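Reader: Could you give me a close look at one part of this chain, namely how its helices pack? I'd also like to see what else is found along the chain, so that the part has some context.

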Amino acid sequence: MSSWTWIFQSVFCLLALRSYEGVAYRVTGVPNTLNLSIRNQRQLWYSLTANEGVGGTPPSQYLVVQPPLKALWDVISEYVVPLCHSESNDGKAKPLPILLSCSGGQDSMAMLHALGLIKRYAGSFVRSSPWGRIFGEKDAVDYELIHQTLRKLLANVHVVYFDHRVRDDTSKDIDIIRSVCSDYGFDFTVEAASASIVDLGRGESSGNFQGAAREWRRDVYKRLIIELPIVDSAASSGDGYDGSAESAQIFNRNVLTRESDSLLDKHVDRAHFHRGIRGVVLLAHHANDNVETFVFKLLRGVHVSNLSGIERICYLDDDKDIVIARPYLRLTKAELGSFLENVGGTYCEDSSNSSSKYLRNRIRRAVVPELLKATSNDNNVDTSLKGLDKRFCTISAQSRAVKKFLDLDTYMFSKYVATKYNLPNRVMPPQEPHVGVGGHAATDLSHLEEAYSTFYSRMYAVTYGNTVCEKTRRYIRTLQFLRNLGFNTKEVLLIREWLLVQSELTRQDILYKFILRELGNDLQLDYSALERISLAWFDNPVSDMPKMHSLRGDRAMCHQGSMVKICRPTSSAIPASECEVYDDGRCSFRVFDNFTATVTPYSAADADSGFHLKLSVPHEGAGGRPAAYDIRKLRDDDIVPCDTLWNRKAASVLAKMNFPHILKDELPVVAVRDSNQVVCFYGVNVLAPYYVNAPQHVTVSFGKDAAASRGITVYYIRVTGK
């Protein structure tokens, strides 16, 4: 039936109803894009179903389904119900908690009403959905059992409101949400932000506040999913299937049975709903938000692998046990508003949405309208926005494909280096499974690792020959020595191997992720700076002297030999609040810089306890005071109190011992408290033989006759990294 035929019939029916019943009804749109409504007029039923082949006696009520209701039902019926239904044991479904984040605004209130209507007319939705296709079963479907599963799920819906405490009118939001939740029988909870987040929200800058608020909300999702009780009964959430299925008729069942997504999209989305899922979080982001997010990233100049919009289905975090679903991501804000108006719903407008303080608001009000004018001749804003969203979604798909490629290549390179030099691999394997080709099974990851390793090994042999750079070999030996002492050394990047990578995009990604693993994901890096550093390494991949490449703040990359490591300048200033203390009255020790230490008086049993430092300490320190020491990293201004050395600077002493400067901050030292006087290097002797395999014995002296005049206490010290 054409759209014009439908409109003509609708207008005719409305005029007839107005003449005979004296009541006007609104039925807007075209087939499959109708407003949801509840009707009970026999004449309207017969007129609207004449060409649908429905026939029969009209029910007391029937539903006309609009996209917001269908989009939410698609997610629930396609993914959540089958997961819980497949978990059934002897007909008893195991429900999952469903958390709906509701702000009281138009979008989330539309989702709240849609979820409530699904709960109220659950039987009708069950009866009108293609379960045989969804479950992949050819046999008869047990509608009553599916209805029971759905009822249990809907009995575990919890609505949460986040009060960021930066507005004075949040009570209106809470009152509206609480009222609707009461009507539909949903649990409702309010979460208030901490004082630190409130302080950020009241500041001038919006970036830190939005990031902190986002992390807080995600933490709350996790906590609520874990803590909220599971209701394993459908009795409290509605009538049985026989009564509920007849409570409302779904008009035009093709609306619910039609495929709304591609098979590939559904396969990717369904993969998120595995049996380890603990709960689902529903968010009401829509196509307008997706367009704004894409423009926001463009303005920030993000990497091409991150130039993507909002994901419809994704995990909350790396634990992969909580799924975030955004059913409305392909719908416009106007469609949600039309639906909410038709069901008689109300909402509150967030006053912060009009603030120019937030970049997203400026994009929404100034940038997006001009984009719509420039990219479409259609005067219909919704049509233009959907067209723009479709273009951005295409770019997003390409961006995610690039990211998948880079993740795989970066992991394979890191795996090759880790295997070659016996180093830990700090790059996680790719998350998505590898796709088979031509009907063949996907390649096993270990086989891919072997193939990549063979490729890089041959590239190394062709480029550098079959011998490893002597400087690289020496640095790797020092790294292994430190790890044998019990230290979790920082990650290093080997430049000669890095230069083997033929793709510039992959090289930059390896370098970028290397920096982020050390400094955190919040660091904003300029890719032009990475390009400048890369060019310097191409010209001089091996450096005898340490070279520093500045990053943001006080962080830098130190390049020595063919190795690069993230470092920062160090000084003798030590905050007393960041230490552990051992004190037996004769001698005390403080421990800093992510080291942990075991300090006890030495006993005969300690001799066979593996590597340790046996430190002989006079009962009194300089000036007759009790001896006091710090166990910490080496500082730039530290000196070694040794009369036989002409240069007493500690870093210079280590260099004479062939200890790489780039690794000096990995080595703990024992120093006189609050000074730059190093008593000893842990695991390394000042005089030959330098590198110690057996327990190290050091005697502290404050003068030629100090030991004889004061007496000595011997301590067992074992230092490890956190």
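Author: Happy to. Let's begin with burial: a residue counts as buried when its relative accessible area is under 20%, as exposed when over 50%, and as partly exposed in between, using a 1.4 Å probe on protein chains only. On that scale, 47% of the 722 residues in the protein chain are buried. Please keep in mind that this is a predicted model, in which local features need pLDDT of at least 70 and side-chain atom pairs count only at pLDDT 80 or more, while totals for chains, interfaces and linings use all residues. Numbering starts from 1 along each chain as its sequence is written, and side-chain values use heavy atoms, with hydrogens and water left out.

The protein chain has 24 helices and 22 strands; these are DSSP runs numbered from the N terminus, with helices being H or I of at least four residues and strands being E of at least two. A contact here means heavy atoms within 4.5 Å. Among contacts in the protein chain with a separation of 6 or more, 73% link residues 24 or more positions apart.

Now to your helices, with H21 (residues 504-519) at the centre of the story. Two packed helices are described by the angle between their axes and the distance between the axes. The axes are lines fitted to C-alpha atoms, for helices over the stretch in contact, and angles run from 0 to 180 degrees between N-to-C directions. H21 and helix H22 (residues 527-539) have axes that come within 11 Å and cross at roughly 110 degrees. H21 is therefore roughly perpendicular to H22, a label for angles of 65 to 115 degrees, whereas under 35 is roughly parallel, over 145 roughly antiparallel and the rest oblique. On the H21 side, Glu504, Arg507, Gln508, Leu511, Tyr512 and Ile515 make the contact, and H22 meets them with Tyr527, Leu530, Glu531, Ser534, Trp537 and Phe538.

H21 also packs with H17, at an angle of about 70 degrees and with the axes 9 Å apart. This pair, too, is roughly perpendicular. H17 contributes Val402, Phe405, Leu406, Asp407, Asp409, Thr410 and Phe413 to the contact, and H21 contributes Leu505, Thr506, Asp509, Ile510 and Lys513. H17 itself covers residues 381-421 and holds Ser384. Ser384 counts as buried because its relative accessibility is 5%, and beyond residues up to four places away in sequence it touches Leu372, Ser376 and Asp378.

The largest one has 77 residues, and Leu493, Met557, Leu615 and Phe681 have the most contacts inside it. H21 supplies the largest share of this core, seven residues. Phe681 is in contact with Leu634, Val640, Ala650, Val653, Leu654, Leu667, Pro668, Val669, Val686 and Gln696, leaving aside neighbours within four places in sequence. A second, separate core has 59 residues, including Val81, Cys102, Leu154 and Phe273.

For context, here are some strands, which pair if DSSP finds at least two bridges between them. S17 (residues 613-618) runs parallel to S21 and is joined to it by four bridges, with Lys614 opposite His697.

Elsewhere, S7 (residues 279-282) points Gly279 and Val281 one way and Val280 and Leu282 the other, all of them buried. S7 runs parallel to S3 (residues 98-101), with three bridges, and Leu282 is the bridge partner of Leu100. Four bridges also join S7 to S9 (residues 322-325), again in parallel, where Val280 stands opposite Val323.

Finally, the cysteines. Taking a disulfide as a pair of cysteine sulfur atoms within 2.5 Å, the count is zero. Cys84 is buried at a relative accessible area of 1%, and so is Cys558 at 3%.

Key: A nonpolar core is a set of buried Ala, Val, Leu, Ile, Met, Phe, Trp, Tyr and Cys residues joined through side-chain atoms within 4.5 Å.
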